[in-house]
Amino acid sequence: MAFLNVYFDIDGVLRGTASPKTDIIKLLKYCLKHYPDSIYWLTTHCNGGVNQTNLALKGELPDELVEEVYRTFKPTNWGVLKTDAIDLDSDFVWFDDNLFESERMILESYHVVNGFFRMNPKDPKMAKKALKFLKDYSKKVIKNS
């Protein structure tokens, strides 16, 4: 599998979304299996040295999965812009429901905007689409390596 950094927001991506929990669980388990050393939190629930992702996900996902993602996902630190925490020189996929214009401009300036996947919390098929995007993007990275 190609090396990718995978970044996750929580609100509107893993919780507060119309996607069935089973699809969100499949997405997370796929990432845990294929990218265990390069999965990162990019959420307000984990920033500035405080990781409260387990509290944010408790009751949303099975307890065992919450514990596994809490142990496996790496924390990030960023200020106003989440792009401060992304390694823009490496291949990545970033799942978020919101992208500030200033973040988009940074991604464009590094020619990496194609690694961003906008999650639509109202779309019940969004987690399935996200998993397909991740698999397809990984194939492109392998092909271009």
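**Exercise 1. Which backbone oxygen lies 2.5 Å from a polar atom of the side chain of S38? Place S38 in the fold and list its contacts.**

Solution. The model is predicted.
- Step 1: locate the residue. S38 sits in the loop between helix 1 (21-34) and strand 2 (39-41).
- Step 2: find the oxygen. The backbone oxygen of L4 is the one, 2.5 Å from a polar side-chain atom of S38.
- Step 3: list the contacts. Leaving out residues up to four places away in sequence, S38 touches F3, L4, N5, V6 and K74.
- Step 4: classify the exposure. Buried means under 20% relative accessible area. S38 has 3%, so S38 counts as buried.

**Exercise 2. Work out the strand order of the open sheet and identify its edges.**

Solution. 
- Step 1: read the order. Four strands run 2-1-5-6, with parallel pairing.
- Step 2: find the edges. Strand 2 and strand 6 (116-118) each have a single partner strand, so one side of each lacks a neighbour in the sheet.
- Step 3: Neighbouring strands are turned by 20° against each other on average, direction ignored.
- Step 4: look at one pair. Strand 1 (residues 5-8) and strand 5 (residues 92-96) run parallel and are joined by four bridges. F8 stands opposite F95 in strand 5.

**Exercise 3. Trace the salt-bridge network that links D9, K82 and D96.**

Solution. 
- Step 1: count. The whole structure has eight salt bridges.
- Step 2: take D9 and K82. Their side chains meet at 3.4 Å, N to O. D9 is in the loop between strand 1 and helix 1, and K82 in the loop between helix 3 (63-72) and strand 5, so this pair ties together parts 73 residues apart in sequence.
- Step 3: take K82 and D96. Their side chains meet at 2.8 Å, N to O. This pair also links distant parts of the chain: D96 lies in strand 5, 14 residues from K82.
- Step 4: check burial. D9 and K82 are buried, and D96 is buried.
- Step 5: join the pairs. K82 bridges to D9 and to D96, giving the network.

**Exercise 4. Describe the salt bridge between D136 and K132.**

Solution. 
- Step 1: give the distance. The side chains meet at 2.6 Å, N to O.
- Step 2: place the residues. Both lie in helix 5 (residues 126-144), four residues apart, about one turn of the helix.
- Step 3: classify the exposure. D136 is partly exposed at 30% relative accessibility. K132 is exposed, with a relative accessible area of 52%.

Methods: Residues are numbered from 1 along each chain as its sequence is written. This is a predicted model: local features need pLDDT of at least 70, side-chain atom pairs count only at pLDDT 80 or more; totals for chains, interfaces and linings use all residues. Side-chain values use heavy atoms; hydrogens and water are left out. Helices (H or I, at least four residues) and strands (E, at least two) are DSSP runs, numbered from the N terminus. Buried means under 20% relative accessible area, exposed over 50%, partly exposed in between (1.4 Å probe, protein chains only). A polar contact is a pair of N or O atoms within 3.5 Å; within protein, one must be able to donate a hydrogen and the other to accept it, and residues adjacent in sequence count only if both atoms are side-chain atoms. Contact means heavy atoms within 4.5 Å. Two strands pair if DSSP finds at least two bridges between them. Axes are lines fitted to C-alpha atoms, for helices over the stretch in contact, and angles run from 0 to 180 degrees between N-to-C directions. A salt bridge is a side-chain nitrogen of Lys or Arg within 4 Å of a carboxyl oxygen of Asp or Glu.
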